[in-house]
Amino acid sequence: MAPSTHWVYTIGNWRTLPSAMSRFPIPEHGVGWCLLCPLLSCADLVDGKRASRKPSPEAEATRDKPRSPSNRKKRTQESRREGKEGGSREIKASTPQRKNNVRRKQREVFGEEEWSKAEKPWNGKRKRDRKASHREQEEAKSKEKHIQRKKEKQLKKHSSSPSVPNSSDEESIAEEEMARIMEQVEEKKQVIATIRNKPWPMVKKLEVLREAQAFVEKFEGALGKGKGKKFYAYKMMMNKKWIKFKRDFNNFKTQCIPWEMKIKEIESHFGSSVASYFIFLRWMYGVNLVLFGLIFGLVIIPEVLMGMPYGSIPRKTIPRAEEEKAMDFSVLWDFEGYIKYSALFYGYYNNQRTIGWLKYRLPMAYFMVGVSVFGYSLMVVIRSMASNAQESTGEGNGDNFTFSFKMFTSWDYLIGNPETADNKYASITTSFKESIVDEQESNKEENIHLTRFLRVLANFLIICCLCGSGYLIYFVVKRSQEFSKMQNVSWYERNEVEIVMSLLGMFCPPLFETIAALENYHPRIGLKWQLGRIFALFLGNLYTFLLALMDDVHLKLANEEAIKNITHWTLFNYYNASMWNESVTRPPLHPADVPRGSCWETTVGIEFVRLTVSDILVTFITILLGDFLRACFVRFMNYCWCWDLEAGFPSYSEFDISGNVLGLIFNQGMIWMGSFYAPGLVGINVLRLLTSMYFQCWAVMSSNVPHERVFKASKSNNFYMGLLLLVLFLSLLPVAYTIMTLPPSFDCGPFSGKNRMYDVIQETIENDFPTFVSKIFGYIANPGLIIPAILLMALAIYYLNSVSKGLARANTQLRKKIQALREAEKTSKSIKANAAVKSLQDTFANNFKNMSQLQTTEEGNKSKSDHQNHPKKKEEGDTKNISSGRGMMLPASLCLAVTKPPGPRSGVAPPGKTQSQLQPPRSSPGRGKGNPGQ
Amino acid sequence: MGNKQTVFTPEQLDAYQDNPFRERIAQVFSQDGDGNMTLDDFLDMFSVMSEMAPRDLKAYYAFKIYDFNNDDYICPLDLEKTMIKLTRGELTPEEVGLVCEKVINEADVDNDGKLSLDDFQNMILHAPDFLSTFHIRI
């Protein structure tokens, strides 16, 4: 094969080829090939695709000739006719004539000029080599015309003799022509649509595109027969406009994505894994914006605009005792004072059924918003998880290509920074080394008992750590309850819980990492363990905190009865006292003087807000101190230090993806838990995410270095989402518990005075809906209906689960089938090759036999071993003989035999058998005596 | 995308000096094969390297990039070159040999000891992050 022509051919037609091939009527194709390319062996003939790859001018001519199925149909018709005329004419000669026949008829339809124009794109498409194409094209055309004229003359002779095509036949042919042209137009359109996917140089693309467009424009109108022309033009124009609009809109959409450029910049500096954190952050920001919109739009703003003004009722006023300090910063900082009695917290909301001129049912709205916050979050998380999973199943399953993937897809072409590139080189090298080591050590046994012991020990230590941190938090929370009862507590004592939790969060993960070094896990697995442990730590801390808080709440609830009585009596006494002197109507008691309950909901809300704010501060300060100051120190003190700070001990910090993502997830969990009792919390969180987006972007770009080991972000993404879902579920539990079981405070919040918070729904149904609705609801709420419903759901889950399992099994089976097919293909290919080799060798063998017989007669027994020493020479001689006898058959098969050595295919056919087949049955006595090395 | 930048700053051009295959890319997309690009070649390159380009097209050009000796097959020599470029020659020859052997083992469907375009496309079809990494942003 001459590589250059082959190359050109592959560039031009590797995509269009199979479709063109499939239109070939097979027998004709086979025979044609036989006649055209005698060099090819039978094996190549059967495998049409492979055979057609061999470039030759005739091949091109035949390839381009049959254009469409209708063409083929016509051809068969014609061949039938021709068959009548000329009996069994040989096929080779008929092909060009058919071609001309078709052409002639086309000319009749379109007229000479138009036809030659229409033909142009054909020719243009046919040419592969652009540079030489023009002249060649001209030459080819003139030749073709010449030949055509000749053939036409011949044909005219033919058609004038016996059989004359009648007019109806002509018409049908014209219709067929129409259909064919239509098809061509469609094809051209297809070309225009898919031109982007063709591996052609730009010049060629442009040329083909223009030709195709010209062709389509020319014939589209002709086919519409005039009446649809204008409409078609209009349609095309609108289509173009629509496409342009879509493109503009897409550009606009990408421009609208916030922080896209920032994230891309980070991606180019730090790789996709760090960018994935920021994408996650942005996603979280979006979710929080929606939650914020829900809560602000439906709860806070209506209450502020239409509810009772501040200071009108006790729950909206600061108690007399706190009034003096209510504006002090230290008080405000603890979210007491004015902030506590603001719309940020649950206690501020009034239990009026409807507010304002809109008759807005605020308590109802409050409850529904609280539910829908969770509903929306669940929906969003699950949806994005599902889409992630679909992507991963759609693309994944490349376990058997580890090395290939590493080699061909590990370089990130996006990297545009020398430092990142260095790290990428390093990480690729290490990953290669790792896989090499994995490969080498897959069978190697280690001291498994030691590893097991160490792993158990490490887990034991970590469980101890977790228990210890849990107990510490419990202890601290208990202590803080005592502190809250005392007066004059110091700043530390007030904020002990938050400080301890932050410290635990700061120091435990590195401790875990140190302990995890004992385990000797693969780093990828180690990372998951690490994530899981940090997750457990955070979760344990959070739940301990919640339990302690719950204790507090129960304590407050126990006191509530007493306070309720006190309030009642105070008011009663006050107004009874006013009964004494009727002349002066006493003004109603100032709301600040009314004794209040402790309002546990607001307390819970305040705890969550405090925790969130302290979390924000700790995060920001850690970044500032741990990253920025460290970077400054390393950078500037490096000039006057004993050792190299940048390369040595402190160096610059890496961006801690797992820690940041987990922090974000837990923060979100806190928001979900707290948002019911502190509606303003989501607003704070939105601010936090916004600032942390800018702040962390800046910190990453200014003071972090890219990772040494970059782990894939795309795969761990769903892992993070799974954690988020778990946290969402876990944060749903306490909220649901408090809503369902604890009675709301009697004097604060939208549900005050009710037995349970969810009573608000019942109330609405009873008062605002017709009676039958409440009846229906009563039936639905019946346990007799709920339990079967739950059962049904469980059954549905079971059913869907089993269906999906079945589908997965079918999937794997299909995959196996594909694998098997591929194997079969392999075998068939090699068998074919073997067969070709075998036939070749047989011919050799026959010749050999003859020759050896001759030789034996001449030289006797001695020479047998001799001539076996030079089989190659003989082979060459034989080859020459045969090739002169049979044309060019042998060199091709020889080449085939050389390029595809049957050695490695021993697995396909039993090796001994092939071996014996391959070896020509040489003169049998020689085998015994000759050198055994053969 | 969305970035209406028409002039490259020196920094941006520098930024693409780190790709180990930069010379190959230039050679593959240039018509003379030496890496001298005309405007059309340049357009070609970016139309292939854009995010919009389909997988097959990208795979085709990736194949050409990794086929160092232009013989339409990725043979072990090409693989070795790729390895050396990717790791900056930090692996021992035995390791390189092992990896090349493994790659051929994994991806070579027709058992001819080298990767044809079909083998390569079949392999790339399963690669999870080929599409996300094989493009250039400007």
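Me: How do you know that the area buried between chain A and chain B is about 5,800 Å²?
Reply: Buried area is the accessible area (1.4 Å probe) that two parts lose on being put together, summed over both, and for chain A and chain B in this predicted model that comes to about 5,800 Å², of which carbon and sulfur atoms give 60%. On the side of chain A, Met407, Phe408 and Tyr413 of chain A supply 16% of the area it buries against chain B, more than any other three residues.

Me: How many salt bridges does the rule find across the interface of chain A and chain B?
Reply: A salt bridge needs a side-chain nitrogen of Lys or Arg within 4 Å of a carboxyl oxygen of Asp or Glu, and across this interface the rule finds zero.

Me: Which share of the residues in chain B is called buried?
Reply: Buried means under 20% relative accessible area (1.4 Å probe, protein chains only), and such residues make up 49% of the 138 residues in chain B.

Me: How are residues and chains labelled, and which limits apply?
Reply: Residues are numbered from 1 along each chain as its sequence is written, and chains are lettered from A in the order in which they are written. Local features need pLDDT of at least 70 and side-chain atom pairs count only at pLDDT 80 or more, whereas totals for chains, interfaces and linings use all residues, and side-chain values use heavy atoms, with hydrogens and water left out.

Technical notes:
Buried < 20%, exposed > 50% of the residue type's maximum accessible area, 1.4 Å probe, protein only.
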